Amino acid sequence: MTEDMALRVSELDIGDAAYRELLLLADPDEERVAHYTTSGTCFQANLEHTRIGGAVWHPGSTRTVELLNLTVHPTWQGRGYGKQFLNALLTEARARGFHGMTVGTGNSSLGPLALYQKAGFRIEGVVKDYFLRHYPDPIVEHGIRCCDMIRLHFDLTE
């Protein structure tokens, strides 16, 4: 797909156990991750021979793709690889003819919220109590209880 500053992003068949463990860094629900890795399209980000990131998307309706998971291993965070990975996915989505990309993230996920908005995603809505209803264990990030899903959209036609 793409190569920027030695970051290689490629599609892969259903990920192995190590790949799923990587995705669990962004989504702690093992059943949910197992489900969308088998029903969605999986991607990996590699530096040389080291997998540093994973992502999964699923085509939605009306030529929109939903990004279900995007993660970079904590060892590699803060170096711009998440931004490169996201940009590569946006480029690939546009090349495949999608008109938009959506993503949902937690109200407490400050890093991802900043990443998506800096990339040009716009907030399109809030799903109140999503994480309270769909996740059995409390999620707390940055001292903030994750309760609501923030839905964002990127227009790929612009």
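Modeller: I'll start with the pocket: the largest share of the lining of the largest pocket, seven residues, comes from β5. Strands here are DSSP E runs of at least two residues and helices are H or I runs of at least four, all numbered from the N terminus.

Biologist: What kind of model is it, and how are the residues numbered?

Modeller: It's a predicted model, where local features need pLDDT of at least 70, side-chain atom pairs count only at pLDDT 80 or more, and totals for chains, interfaces and linings use all residues. Numbering runs from 1 along each chain as its sequence is written, and side-chain values use heavy atoms, with hydrogens and water left out.

Biologist: Back to the pocket. How many residues line it, and which lie nearest its centre?

Modeller: The lining of the largest pocket has 45 residues, and the ones nearest the centre are A26, L70, T105, P112 and Y116. By pocket I mean an open set of points on a 1 Å grid over the protein atoms alone, where a 1.4 Å probe fits and there is protein on both sides within 12 Å along at least five of seven lines; a lining residue has an atom within 4 Å of a point.

Biologist: Which elements supply at least two residues of that lining?

Modeller: There are several helices, namely α2 (30-39), α3 (81-95), α4 (110-119) and α5 (130-134). The strands are β5 (64-72), β6 (100-106), β8 (140-141) and β10 (149-155).

Biologist: What is T71 in contact with, leaving aside neighbours within four places in sequence?

Modeller: With contact taken as heavy atoms within 4.5 Å, T71 meets L22, L23, L25, A26, I52, G53, G54 and F85. A26 turns up again here, having been listed among the residues nearest the pocket's centre. And F85 is one of the buried residues of α3.

Biologist: Which others in α3 are buried?

Modeller: Besides F85, α3 buries Y81, G82, Q84, L86, A88, L89, L90, E92 and A93. After α3 comes G97, with a positive phi near 90°.

Biologist: Now the strands. How do β5 and β6 run?

Modeller: They're parallel, joined by four bridges, and E66 stands opposite T102 in β6. For two strands to pair, DSSP has to find at least two bridges between them.

Biologist: And in which sense do β6 and β10 pair?

Modeller: Antiparallel, over seven bridges. T105 has I150 of β10 as its bridge partner.

Biologist: Why call β6 and β10 largely enclosed?

Modeller: Six of the seven residues of β6 are buried, so the rest of the structure largely encloses that strand. For β10 the count is five of the seven, so β10 is largely enclosed too.

Biologist: Where do E48 and D129 sit?

Modeller: E48 is in the loop between β3 and β4 (50-59), and D129 is in the loop between β7 and α5. E48 is exposed, with a relative accessible area of 57%, while D129 is partly exposed at 35%.

Biologist: W57 then. Where does W57 lie, and how accessible is it?

Modeller: W57 lies in β4 and is buried, at 1% relative accessibility. Its C-alpha is 8.2 Å from that of Y36, 21 residues apart along the chain.

Biologist: Last one: is E21 buried or exposed?

Modeller: E21 is exposed, because its relative accessible area is 53%. E21 belongs to α1 (residues 17-23), and its C-alpha is separated by 9.8 Å from that of G54, 33 residues apart along the chain.

Conventions: Buried < 20%, exposed > 50% of the residue type's maximum accessible area, 1.4 Å probe, protein only.
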